[in-house]
Amino acid sequence: MALVTYIPRVLPVTIFRKEIKSRFIRSFLDYTPYAVLGALTFPDVFFSTGHFYSAAGGTLVAVILGYRGKSLVVVAVAAIISVYLLELAGGVLAAEWLTAFVVY
């Protein structure tokens, strides 16, 4: 098991001893960690809350604020608040819906 985790860490160092001069390969390797992180975490965003609409709303708020260049703290806090408000609104609407159809 140790060999399986050790090989991917040592192999690039032993193979690529010289500096990589190709602009294409360097830019590909520069953006690879971000692409892998996004591919691993983005699908889980939509299943992290109680409802899909609150997760989509929080993601939308985060994307808009991130695109506008806001700091990470502002983006995270705004997304959390929007998810909370959407979950709260969803709970209130669900409670009203249930009480409308309950026959006493």
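Close-up 1. Skip the neighbours within four places in sequence, and Ala 62 is in contact with Val 75 and Ala 79, contact being heavy atoms within 4.5 Å. Ala 62 and Ala 79 sit 17 residues apart in sequence, yet their C-alpha atoms are 5.5 Å apart in space.

Housekeeping for every view: residues are numbered from 1 along each chain as its sequence is written. The model being predicted, local features need pLDDT of at least 70 and side-chain atom pairs count only at pLDDT 80 or more, while totals for chains, interfaces and linings use all residues; side-chain values use heavy atoms, with hydrogens and water left out.

**Close-up 2. Thr 59 and what it touches.** Thr 59 also has its place in helix H3. With 12% relative accessibility, Thr 59 counts as buried. Not counting residues up to four places away in sequence, Thr 59 touches Phe 42, Val 45 and Phe 46.

**Close-up 3. The Phe rings.** A pair of aromatic rings is described by the distance of the centres and the angle of the planes. Searching the whole structure turns up two aromatic pairs; rings of Phe, Tyr and Trp (its six-membered ring) pair if their centres lie within 6.5 Å, and planes under 30 degrees apart are stacked, over 60 edge-to-face, the rest tilted. Phe 42 and Phe 46 make an edge-to-face pair, 5.3 Å centre to centre with 90° between the planes. Together with Phe 52, Phe 42 and Phe 46 form one aromatic cluster. Phe 42 is partly exposed, at 43% relative accessible area.

**Close-up 4. The largest pocket.** Here a pocket is an open set of points on a 1 Å grid over the protein atoms alone, where a 1.4 Å probe fits, with protein on both sides within 12 Å along at least five of seven lines; lining residues have an atom within 4 Å of a point. The largest pocket is lined by 15 residues, with Phe 42, Val 45, Thr 59, Ala 62 and Val 63 nearest its centre. Helices H2 (23-45), H3 (52-67) and H4 (72-101) each give two or more residues to this lining, and H4 has the largest share, six residues.

Key. Helix = DSSP H or I, 4+ residues; strand = E, 2+ residues; numbered from the N terminus. Buried < 20%, exposed > 50% of the residue type's maximum accessible area, 1.4 Å probe, protein only.
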